[in-house]
Amino acid sequence: MISGFTFRQRHSSEFGIIIKSKNVPSKPAVRVEKIKVIGKAGTYKFEDANEDMVFEFECIISGRNILELEQKMGQISAWISEKGPLVI
């Protein structure tokens, strides 16, 4: 298994999360916008920013029973629903 991650100063292991796999890009893709102007040959190409980076984790959540799993899911949902620093 892969070690976890820290988000908003809490480690994923605190919630019983086990990381099976992860897809973490090394850098964001460049956002490219092409604009065609009527009456001009070709297009104008703008590379003015980066795309959002998407981090994907395949996880297992451990628990003794369905009630404990439901509680953890609620805690995890509250934990990841806000903005904060992510350390991988």
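What covers the buried residues of helix 1? The cover includes strand 1 (6-7), strand 2 (10-11), strand 3 (17-23) and strand 6 (56-61). This is a predicted model: local features need pLDDT of at least 70, side-chain atom pairs count only at pLDDT 80 or more, and totals for chains, interfaces and linings use all residues. Residues are numbered from 1 along each chain as its sequence is written, and side-chain values use heavy atoms, with hydrogens and water left out.

View 1. Helices (H or I, at least four residues) and strands (E, at least two) are DSSP runs, numbered from the N terminus. Helix 1 holds 15 residues, 66-80. At 1.5 Å a residue it should span 21 Å, and its end C-alpha atoms are 21 Å apart, which agrees. The expected span is 1.5 Å times one less than the number of residues. E68, K72, I76 and W79 are buried in helix 1. These buried residues fall within an arc of 70 degrees seen down the axis, so they line one face of the helix. The arc is that of the directions from the helix axis to the C-beta atoms. An α-helix has 3.6 residues a turn, so residues three or four places apart point the same way. I66, L67 and E70 are exposed, on the face turned away from the buried side. Buried means under 20% relative accessible area, exposed over 50%, and partly exposed in between (1.4 Å probe, protein chains only).

**View 2. The N-terminal cap of helix 1.** N65 caps this end. One of its side-chain oxygens lies 3.1 Å from the backbone nitrogen of L67.

**View 3. The largest pocket.** Its volume is about 180 Å³. F5, F7, I17, F57, C59, I61, I76, W79, I80 and L86 line this pocket. Strand 6 and helix 1 are the elements that give two or more residues to the lining.
A pocket is an open set of points on a 1 Å grid over the protein atoms alone, where a 1.4 Å probe fits, with protein on both sides within 12 Å along at least five of seven lines; lining residues have an atom within 4 Å of a point.

**View 4. S12 in its loop.** S12 lies between strand 2 and strand 3. At 0% relative accessibility, S12 counts as buried. Leaving out residues up to four places away in sequence, S12 touches G4, F5, I17 and W79. Contact means heavy atoms within 4.5 Å.

**View 5. I35 in strand 4.** Strand 4 (residues 30-36) contains I35. I35 counts as partly exposed, at 34% relative accessibility. Beyond residues up to four places away in sequence, I35 touches T43, Y44 and F46. The C-alpha atoms of I35 and F46 are separated by 8.2 Å, with the two residues 11 apart along the chain.

Definitions and conventions. Polar contact = N/O pair within 3.5 Å; in protein donor to acceptor, adjacent residues only side chain to side chain. Points joined across faces, edges and corners; volume = space filled by probe spheres on them.
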